[in-house]
Amino acid sequence: MMKPARLNSDLSRLGRETDMFLATVESLSDEEMVGPTLCEGWDRAHVIAHLASNARALVKLIDWATTGEPQQPYESHEAREQEIDELAALPKDELIETFKQNAQFFAEQCERLKGDIVTEELDLHGKPVPATSVPAVRIAEVVVHHHDLDTTWTVEEADPDSLLNAVEAAVRTMRAKGAPGMTLRTEERDEWIIGDGGQLITSDREGMLQWLARGDDEFVESEGALPELPAW
């Protein structure tokens, strides 16, 4: 069972990050919707479509946690890509409305985590995720992909705890993909060990996220040359 106070706090932050994301996308012109992003091969419509799809997909993890029956967010990589392409092709207003509906559905389904949790650790594309962290996974998705839209919004505008969720999600990905041994340390006193923890890398949460998620090393410091990171 997830403590109601923690769930309420997570959902409050998720609501804040979602509202900021919506404010950004609703301000985009039709021309800007098809502009490039930090996600290679995706325009802004595809990034929004991914988040719309992701909200529904992550409910599968809540199903798994509360029923004990293993679920995967998508049937296959191809099914995921097809759904995103179809959503991205929608008119702007329809795409945004779909995003809103799916985001609301995810938040409503998270209430089920206040009940019995049958499976405490889930698997998300090879990454172990505690069932109680499913809301945080969604927060991380919204923060990272808001950054990916490459607009005037910056990750510094995210809630500090939302940034922490996003860095934790990036660290899970690095571990799952076999990133080189590193000790990651932030100015906020967070620390993560990847592999043998051999190389110390420091930054604040914003800089650490931008490096881990998208390879932007402007705000990170290291004892030696920065290691090459696996792609997300």
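1. His125 sits in the loop between β1 (121–124) and β2 (127–130); strands here are DSSP runs of E of at least two residues, and helices are runs of H or I of at least four, both numbered from the N terminus. His125 has a positive phi of about 55° although it is not a glycine. Most residues other than glycine have a negative phi.

2. The model under review is predicted, so that local features require a pLDDT of at least 70 and side-chain atom pairs count only at pLDDT 80 or more, while totals for chains, interfaces and linings use all residues. Residues are numbered from 1 along each chain as its sequence is written, and side-chain values use heavy atoms, with hydrogens and water left out.

3. A positive phi is also found at Arg189, about 75°, although this residue is not a glycine. Arg189 belongs to the loop between β3 (182–186) and β4 (191–194). With a relative accessible area of 79%, Arg189 is exposed (exposed means over 50%, buried under 20%, partly exposed in between, with a 1.4 Å probe and protein chains only).

4. As to the overall fold, the chain comprises eight helices and six strands. From the N terminus on, the order of elements is α-α-α-α-α-β-β-α-α-β-β-β-α-β. Contacts (heavy atoms within 4.5 Å) with a separation of 6 or more are made, for 62% of their number, by residues 24 or more positions apart.

5. The radius of gyration of the chain is 17 Å, which agrees with the value near 17 Å for a compact globule of 232 residues; the radius is taken over C-alpha atoms, and the globule rule is 2.2 Å times the number of residues to the power 0.38. Along the principal axes, the C-alpha atoms fill a box of roughly 50 × 45 × 35 Å. Of the 232 residues, 52% are buried. The chain exposes about 11100 Å², of which carbon and sulfur atoms supply 46% (Shrake-Rupley method, 1.4 Å probe; for residues, only the protein chains shown count as cover).

6. The largest pocket has a volume of about 1100 Å³. A pocket is an open set of points on a 1 Å grid over the protein atoms alone, where a 1.4 Å probe fits, with protein on both sides within 12 Å along at least five of seven lines; lining residues have an atom within 4 Å of a point. Grid points are joined across faces, edges and corners, and the volume is the space filled by probe spheres set on the points.

7. The lining of the largest pocket holds 41 residues, of which Arg80, Lys127, Thr173, Lys177 and Trp232 lie nearest its centre. At least two lining residues come from each of α3 (44–67), α4 (77–88), α6 (134–148), α7 (160–176) and α8 (205–214); α6 gives the most, with five. The lining divides into 22 nonpolar, nine polar and 10 charged residues, where Ala, Val, Leu, Ile, Met, Phe, Trp, Tyr, Cys and Pro count as nonpolar, Asp, Glu, Lys and Arg as charged, and the others, Gly among them, as polar.

8. His147 lies in helix α6 and is buried, at a relative accessible area of 16%. Leaving aside residues up to four places away in sequence, His147 touches Leu38, Trp153, Val155, Gln210 and Arg214.

9. Glu156 is placed in the loop between α6 and α7 and counts as partly exposed, at 44% relative accessibility. Glu156 touches Glu206 and Gln210, again leaving aside residues up to four places away in sequence. Between Glu156 and Gly207 the C-alpha to C-alpha distance is 9.4 Å, although 51 residues separate the two in sequence.
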